[in-house]
Amino acid sequence: MPGVFNETMQLLTEAHEYFHLFGQDDQSRIESSLKPLYSCEMSRITLRLSTIMAWTMVQRAVLAGKISQEEASSHHGLAYQDVCRVNSNVLHGMLPDFVCKLLDRSHELYERVARLDEQFKLTVN
């Protein structure tokens, strides 16, 4: 769990720094027709990372004995899978390179955590 937590924090920091330092400049350079897509994908990155962080905190609560694995699995599973599991590979070349890297890395991390979540659910059943 510490690895997932640390990787999520690192990606959150990188995303924040990008948004803060380069986001507006990059957004001003892309075609106006792509700006809504850019905003949606930045939101997808944020949603993935915040969902992973919430899931990680629930797993920490399980390890600390504050909630059961059964409760964690039934009430606090990995959320928003229909949005977060969308693969954004088709956007390469359309959006700024760093945004695509954040999309790829956050998607890969979300998929790994989804597999962990499924494993935890199997141990409960």
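Helices here are DSSP runs of H or I with at least four residues, numbered from the N terminus. The model is predicted, so local features need pLDDT of at least 70 and side-chain atom pairs count only at pLDDT 80 or more, while totals for chains, interfaces and linings use all residues. Residues are numbered from 1 along each chain as its sequence is written, and side-chain values use heavy atoms, with hydrogens and water left out. What follows is a quick tour of the charged pairs, the rings and the nonpolar core.

**Salt bridges**

- Searching the whole structure turns up 6 salt bridges, where a salt bridge is a side-chain nitrogen of Lys or Arg within 4 Å of a carboxyl oxygen of Asp or Glu.
- Helix H2 spans residues 35–63, and because Arg 44 and Glu 41 are 3 residues apart in it, about one helical turn separates them. Their side chains meet in a salt bridge at 2.9 Å, N to O.
- Both Arg 44 and Glu 41 are buried; for accessibility, buried means under 20% relative accessible area, exposed means over 50%, and partly exposed is in between, using a 1.4 Å probe and protein chains only.
- Over in helix H1 (residues 2–29), Arg 29 and Asp 26 are also 3 residues apart, about one turn of the helix. They form a salt bridge, with the closest N and O atoms 2.8 Å apart.
- Arg 85 pairs with Glu 111 in a salt bridge whose closest N and O atoms are 2.7 Å apart. This one ties together distant parts of the chain, 26 residues apart: Arg 85 is in the loop between helix H4 (81–84) and helix H5 (97–124), and Glu 111 is in helix H5.
- Arg 85 is partly exposed, with a relative accessible area of 35%, while Glu 111 is buried at 16%.
- There is also a salt-bridge network, which links Glu 7, Glu 108 and Arg 112.

**Rings**

- The whole structure holds 2 aromatic pairs; rings of Phe, Tyr and Trp (its six-membered ring) pair if their centres lie within 6.5 Å, with planes under 30 degrees apart counted as stacked, over 60 as edge-to-face and the rest as tilted.
- Tyr 18 and Phe 19 have ring centres 6.1 Å apart and planes at 65°, so they are edge-to-face. Tyr 18 is buried at 3% relative accessibility, and Phe 19 is partly exposed at 30%.
- Tyr 18 and Phe 98 make a tilted pair, because their planes are at 35°, with centres 5.4 Å apart. That pair joins helix H1 (Tyr 18) to helix H5 (Phe 98), 80 residues apart.
- Phe 98 counts as partly exposed, at 32% relative accessibility.
- Put together, ring pairs make a cluster of Tyr 18, Phe 19 and Phe 98.
- The charged end of Arg 60 sits over the ring of Phe 5, 4.1 Å from its centre (the test asks for NZ of Lys or CZ of Arg within 6 Å of the ring centre and within 35 degrees of the ring normal).

**Nonpolar core**

- The largest nonpolar core has 24 residues, and Tyr 38, Ile 45, Leu 95, Val 99, Leu 109 and Val 113 touch the most other members. Such a core is a set of buried Ala, Val, Leu, Ile, Met, Phe, Trp, Tyr and Cys residues joined through side-chain atoms within 4.5 Å.
- H1, H2 and H5 each supply at least two residues of this core, and H5 gives the largest share, 8 residues.
- Leaving out residues up to four places away in sequence, Val 99 touches Tyr 18, Tyr 38, Met 42 and Ile 45, with contact meaning heavy atoms within 4.5 Å.
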